[in-house]
Each structure stands twice: as structure tokens, then as C-alpha cells.
Amino acid sequence: MLFRVSFRVLPVPHRALKSEIKSAALNIWQDNWDNGETGRSTHDIVPRVSNKPVGWNREAIMFVTGHGPFPSYLLFFNLRIHDNCSCGEKGDPMHYATKCWFTLSWHFQTATVSLKLQWSKNILKNNL
């Protein structure tokens, strides 16, 4: 037996109901994002959830999240026995962007602790 659902019996228009559901879902998502335990470095840069794409390229996403071909990330999956770069220091994205001898021509200036969040946001806005 098939049932036919009619939205005409609802006391609100279909668009209003859809908008309410979307708003409730975004509020739940935001609450989970604010109170979660994972993705904290990304949360600092993007504190508000949205259905709209951020517009970052693949490399920027790997840099901010630390998910990529970095020794520190590969160690997490037991794909390496240590998290050191070939130069001997911890191989995380910040190391490659600011200190590593092998990436010297790509280095950024290291931000002070108080300006690190703003520094990260500026890096993501830079298309170069």
C-alpha cells in the first residue's frame, strides 16, 4: 500500500519548514564543532560552520589540519617509526613552512605566539 503525503496540510509553507530544518541542523553541527575534541587547530581558524565552501586548495587544507605526507601524521597511522624530518626535527607542517633546511626557499616568517592565529588565517588567504 502506498501512502501519499501532502504538505498542504502543514500550517507553515514548505519553504519555511525547510529553512527551519536547515537552521536546526546547522545549530546542532555548530554545537558539535564547538564542543568536539578533534580538529581544534582548524576550529581556531574556522570557528563557524557553514554549508558554503571555504575555497582553500588541497595544500592549504593539509597545512592547517596537518593531514598529509608529514612524518608527524604518518606516525599516527604507524606508517613511520618516528615523527622526525630528514633534518632531525619534528616533521609537522609548521616545521616545513618555517624551519626545515630542505624547504628553505618556501619558508614563511614564524609568527609570535600571540599572533599565530592571525598568521594562519593570513596564510590561507594568500593565493601564492
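Which residues line the second largest pocket?

**Figure 1. Overview of the predicted model.** The protein has six helices and zero strands, so along the sequence the pattern reads α-α-α-α-α-α. It has 128 residues, of which 21% count as buried. Among contacts between residues at least 6 apart in sequence, 20% join residues at least 24 apart.

Figure 2. Confidence is highest in helix 1 (residues 14–35), with a mean of 92. It is lowest in helix 6, where the mean is 75.

**Figure 3. The second largest pocket and its lining.** The lining consists of Ser41, Asp44, Ile45, Phe63, Val64, Thr65, Gly66, Pro93, Met94, Lys116, Leu117 and Ser120. Two or more of the lining residues come from each of helix 2 (40–45), helix 3 (58–65), helix 5 (93–98) and helix 6 (116–125). By type, the lining residues divide into six nonpolar, four polar and two charged. The space in this pocket is about 310 Å³. Rolling a probe the size of a water molecule over the atoms shows where such empty space is left.

**Figure 4. Proline 47, in the loop between helix 2 and helix 3.** Which residues does proline 47 contact, leaving aside its neighbours within four places in sequence? They are Gln30, Trp33 and Asp34. Aspartate 34 is 13 residues away from proline 47 in sequence, and the two C-alpha atoms are 7.6 Å apart in space. Is proline 47 buried, exposed or partly exposed? The relative accessible area of proline 47 is 37%, which lies between the cut-offs of 20% and 50%, so this residue counts as partly exposed.

**Figure 5. Asparagine 78, in the loop between helix 4 (71–76) and helix 5.** The phi angle of asparagine 78 is near 55°. This is a positive value in a residue other than glycine. Why does asparagine 78 count as exposed? Its relative accessibility is 67%, and exposed means over 50%, so asparagine 78 falls in that class.

Conventions: Residues are numbered from 1 along each chain as its sequence is written. This is a predicted model: local features need pLDDT of at least 70, side-chain atom pairs count only at pLDDT 80 or more; totals for chains, interfaces and linings use all residues. Side-chain values use heavy atoms; hydrogens and water are left out. On a 1 Å grid over the protein atoms alone, a cavity is a set of points where a 1.4 Å probe fits but cannot get out, and a pocket is an open set with protein on both sides within 12 Å along at least five of seven lines; lining residues have an atom within 4 Å of a point. Grid points are joined across faces, edges and corners, and a volume is the space filled by probe spheres set on the points. Helices (H or I, at least four residues) and strands (E, at least two) are DSSP runs, numbered from the N terminus. Ala, Val, Leu, Ile, Met, Phe, Trp, Tyr, Cys and Pro count as nonpolar, Asp, Glu, Lys and Arg as charged, and the others, Gly among them, as polar. Buried means under 20% relative accessible area, exposed over 50%, partly exposed in between (1.4 Å probe, protein chains only). pLDDT is the predictor's confidence in each residue, from 0 to 100. Contact means heavy atoms within 4.5 Å.
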